[in-house]
Structure formats: structure tokens, C-alpha cells
Amino acid sequence: MNLMEKYGEEAGKKSLAQFCQPRCYEFAGKDLNFVVDTGEGTGNYLLHVIDKKELEWSWEGSEPKKVTYECRKSDDDTYLLSYNLGTEPRENHAWVIDMENELVTLLHCAIGENPLWPLMVESHFGFGYVKIEGKEHTDIRRHGFTNDCTGTCVRWTYGNSLSTVHVYHDPHWYRIGYPRGEDRSADSASEIRKLMQEMPSSDEPCYYVKIKEGMYLVSCTEQNLEKILGARFGFRSDTLCFLDNWKQLISVGRAFGTITIKGEDKPLFVMCSKYGSPVEVDEHFFTDPIPYLI
């Protein structure tokens with residue numbers, strides 16, 4: 001009996017959730033006070049984490065709003081906490097909480113800011129610190145944008161049947177690559193790969209933020225796929241942010257956007273994890289021009 005043939009297809013449908021790091025409940029019952037003083041969205045944020053599922057968030061004394069949240073850890077002291085704001089058009093906060101240095105990064109993603117592309121997701125970054133009661137924060141350092149990742153490629157595995165090679169070839173872009181010597185004709189078996197071949201390239205805008213040594217937040221948005229393929233591709237300008245732990249080659253992430261299934265647009269908000277492994281790609285993946293730029 002071939003157990004992969006018997007169980008593999010069904011397991012593959014669950015792999016994204018099965019491979020995800022377990023939920024983190026360490027903040028349940030606590031108040032988190034974040035001061036964002038650099039970048040966009042500056043101000044004081046208060047997160048009253050009610051329990052393992054819900055929190056109330058407010059900004060600059062605004063009326064608290066109750067939402068459901070997700071939290072995952074990328075190491076013992078670094079967390080990715082995310083929730084939708086409960087607005088229309090939809091918006092999402094993804095916080096990187098670095099308790100080792102008592103610093104935070106806010107990734108605020110919003111749908112509907114571009115009138116020409118109503119499902120387009122735009123990303124806004126703010127940087128600050130964790131305000132600890134009775135303790136003055138004197139460290140002037142903040143998380144910030146970096147080009148440390150440029151020149152890197154890695155195979156990320158998301159589940160038992162899902163993996164992809166990321167090529168970080170530019171401080172503001174990333175692209176999908178293929179392992180050196182891999183036969184690309186195998187792509188014909190994948191509907192998504194067929195659609196991808198219609199694109200001028202797989203390049204998409206990407207932000208790289210250094211959290212601390214060996215830890216980076218990488219956030220990419222499928223904007224070109226939305227502009228060119230739209231509903232045909234299904235995943236509509238989705239933003240994928242990952243808190244990559246290079247010391248352990250593990251990562252926790254969040255996807256936010258819209259998915260179109262049989263002509264119906266549905267909201268997308270899901271947590272995931274991935275595991276890295278070394279891979280070599282042909283040099284042209286680092287040197288090919290980005291066709292979306294002059």
C-alpha cells in the first residue's frame with residue numbers, strides 16, 4: 001500500500017494550518033502599550049488583550065474596539081501579533097513585538113486606498129517601543145528598513161506539498177526562483193504556475209525590516225498579479241508578511257487580502273509558518289532587470 005497516495009492529497013489540503021506554529025497566549029489578560037514615534041501611524045497604541053481570542057485596541061485615546069487576534073512566536077522573545085481593525089474597506093495591523101529590546105514595528109495594511117484598483121493592498125510602517133509601567137525607555141534605536149537580505153535566496157516550505165524559492169535580489173523587490181537544474185516543464189501540472197508564466201516576471205514590491213541580529217520582517221504584496229491577472233489568479237493583491245528567524249531558519253507569517261473563488265470575493269486573513277533550507281539558483285535570478293521599472 002502506498003500511504004502517500006492514500007493520504008497525501010487530503011493532508012495537503014490541511015498542510016498550511018498543520019505546519020503553522022502553535023498559537024501564543026502569553027499576552028492574554030495583559031495590557032500592551034506601544035509608542036510609535038517613527039515612520040507612519042505615529043502615536044500611542046493600547047492593546048487590552050482580553051483572553052486567548054479577543055483584544056481591545058485603541059489609538060491616541062480613541063474608543064476601544066474589540067477584535068479577534070492571532071499571535072505566533074519566531075523565537076522566545078519575538079512575537080507576531082495581528083488583527084483586522086473591523087473597518088470597511090478592511091484594514092489590518094501586524095505588530096512585531098521584540099521584548100528582548102522592548103521595541104515594536106507596526107505594519108498597517110489597508111484595502112481601498114487606490115481608486116483604480118479597489119482590492120489593492122497598501123502597506124504603511126511605523127517603528128517605536130514598548131512602554132513599560134514605571135520604566136523610562138531611553139534606547140534611541142528602532143527597528144528599520146534594511147538591505148541586509150539583498151543577495152539571499154532560500155527555499156521556504158509551508159507544508160507537506162507546498163514550497164517556493166524566494167530570491168531577495170533588491171532592497172525593494174523580491175522574485176520567485178527555481179533551484180539550479182530544476183526542470184521547469186513540471187510547472188505545467190499547476191494552474192497557478194501556468195498563470196504565472198503569463199507575467200512579465202514574478203517580481204513584486206517587498207519591504208525588509210531588521211528586527212535584531214538574525215531576525216527580519218519581510219513583507220511582500222502581490223500588486224502586479226492583481227493589475228495583470230486580477231480575479232483569474234484568485235489571490236487579489238494579498239500581503240504576506242513573515243517574521244524570519246535566520247538563526248533557526250523558521251518563520252511565522254500572516255496573509256491579508258482578498259481571495260476570489262468562483263467569481264465571489266472573500267476576505268483573507270490567515271496565519272502560517274514556513275521552514276527554510278539552502279538552495280542554489282542561477283545567477284540571472286539576481287541580475288535580471290525588473291520589467292515593471294524604467
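Biologist: What makes Tyr-207 count as partly exposed?
Modeller: Its relative accessibility is 33%, and because buried means under 20% relative accessible area and exposed over 50%, with partly exposed in between (1.4 Å probe, protein chains only), Tyr-207 counts as partly exposed. This is a predicted model, in which local features need pLDDT of at least 70 and side-chain atom pairs count only at pLDDT 80 or more, while totals for chains, interfaces and linings use all residues. Residues are numbered from 1 along each chain as its sequence is written, and side-chain values use heavy atoms, leaving out hydrogens and water.

Biologist: How many aromatic pairs does a search of the whole structure find, and why is the pair of Phe-34 and Trp-95 called tilted?
Modeller: The search finds 17 aromatic pairs. Phe-34 and Trp-95 lie 4.7 Å centre to centre with 45 degrees between the planes; rings of Phe, Tyr and Trp (its six-membered ring) pair if their centres lie within 6.5 Å, and planes under 30 degrees apart count as stacked, over 60 as edge-to-face and the rest as tilted, so this pair is tilted.

Biologist: Which parts does that pair tie together, and are Phe-34 and Trp-95 buried or exposed?
Modeller: Phe-34 lies in strand β1 (residues 31–39) and Trp-95 in strand β7 (residues 91–98), so the pair ties together parts 61 residues apart in sequence; strands are DSSP runs (E, at least two residues), numbered from the N terminus. Phe-34 is buried, with a relative accessible area of 0%, and Trp-95, at 0% relative accessibility, counts as buried.

How values were computed: Helix = DSSP H or I, 4+ residues; strand = E, 2+ residues; numbered from the N terminus.
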